[in-house]
Amino acid sequence: MTSPGRPSGTARTLLVTAAVIVSLEGLAFAVLAALELFSVSSDRVSLGIVTTLFLAIIAAGLLWAAWRLVAGDAWARSPLVFAQLIQLGLAWNFRGDEAWISAAIALPAVAVLACLLAPPVTRAFRDDRSV
């Protein structure tokens, strides 16, 4: 018997897959935050610091939600779905540029959404609440 709050089987595999992809996205935001911090110039200190903090907060939020998702917290699915929908909008905005940029943004988002919205995951979280 599995412990409450920890989906098993296919649902667990899908959640871990989504968490790995989201963790890579979070690490990418952390790298962007570091690059922004190191590129701050004296004529745009405020903008550079605010942008760095914004990117770091996004990175931390994604990493934390991915960690909690693997731990079986159903609430973590909602902010991750929202983040992926924002990412799809961003990919749409890049569609006129190099095609690989849009694809590199959209494909992980679609994969995460497919994992998070899959019927086994939905059933696992729904069944967990009825316990």
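This is a short tour of the structure, stop by stop, with something to select at each one.

**Stop 1: the whole chain**

Start with everything shown as a cartoon. You are looking at a predicted model. The chain holds five helices and zero strands. Follow it along the sequence and the pattern reads α-α-α-α-α. Now colour by accessibility. Of the 131 residues, 31% count as buried. Contacts reach across the sequence too. Take those between residues at least 6 apart: 66% of them join residues at least 24 apart.

**Stop 2: helices α1 and α2**

Select residues 9-38 for α1 and residues 45-70 for α2. Their axes lie 8 Å apart and pack at an angle of about 165°. An angle over 145° counts as roughly antiparallel, so that is how α1 and α2 run relative to each other. Check the hand of the crossing as well: for α1 and α2 it is left-handed.

**Stop 3: Phe 38**

Stay on α1 and pick Phe 38, which belongs to this helix. Is Phe 38 buried or exposed? Its relative accessible area is 70%, so Phe 38 is exposed. Phe 38 and Gly 48 are ten residues apart in sequence. Draw a line from C-alpha to C-alpha and the distance between these two is 9.0 Å.

**Stop 4: helices α1 and α4**

The crossing of α1 and α4 is left-handed.

Which residues of α1 and α4 make the contact? Show these side chains:

- From α1: Leu 14, Leu 15, Thr 17, Ala 18, Ile 21, Val 22 and Glu 25.
- From α4: Pro 108, Ala 109, Ala 111, Val 112, Cys 115 and Leu 116.

**Stop 5: Gln 84**

Now select Gln 84, in helix α3. The helix covers residues 77-93. Gln 84 has 0% relative accessibility, so Gln 84 counts as buried. What does Gln 84 touch, leaving out residues up to four places away in sequence? The list is Val 22, Glu 25, Pro 108, Ala 109, Val 112 and Leu 113. Some of these names were on show at the previous stop: Val 22 and Glu 25 from α1, and Pro 108, Ala 109 and Val 112 from α4.

**Stop 6**

Move to the aromatic side chains. A search of the whole structure finds one aromatic pair. Select Trp 64 and Trp 75: their ring centres are 5.1 Å apart and their planes stand at 45°, so the pair is tilted. Where do the two partners sit? Trp 64 is in α2, and Trp 75 is in the loop between α2 and α3. They are eleven residues apart, and the pair links distant parts of the chain.

Trp 64 has 47% relative accessibility and counts as partly exposed. Trp 75, at 41%, counts as partly exposed as well.

**Stop 6**

Definitions and conventions:
Residues are numbered from 1 along each chain as its sequence is written. This is a predicted model: local features need pLDDT of at least 70, side-chain atom pairs count only at pLDDT 80 or more; totals for chains, interfaces and linings use all residues. Side-chain values use heavy atoms; hydrogens and water are left out. Rings of Phe, Tyr and Trp (its six-membered ring) pair if their centres lie within 6.5 Å; planes under 30 degrees apart count as stacked, over 60 as edge-to-face and the rest as tilted. Helices (H or I, at least four residues) and strands (E, at least two) are DSSP runs, numbered from the N terminus. Buried means under 20% relative accessible area, exposed over 50%, partly exposed in between (1.4 Å probe, protein chains only). Axes are lines fitted to C-alpha atoms, for helices over the stretch in contact, and angles run from 0 to 180 degrees between N-to-C directions. A crossing is left-handed if the near helix is turned anticlockwise from the far one by less than a right angle, and right-handed if clockwise. Contact means heavy atoms within 4.5 Å. Angles under 35 degrees count as roughly parallel, over 145 as roughly antiparallel, 65 to 115 as roughly perpendicular and the rest as oblique.
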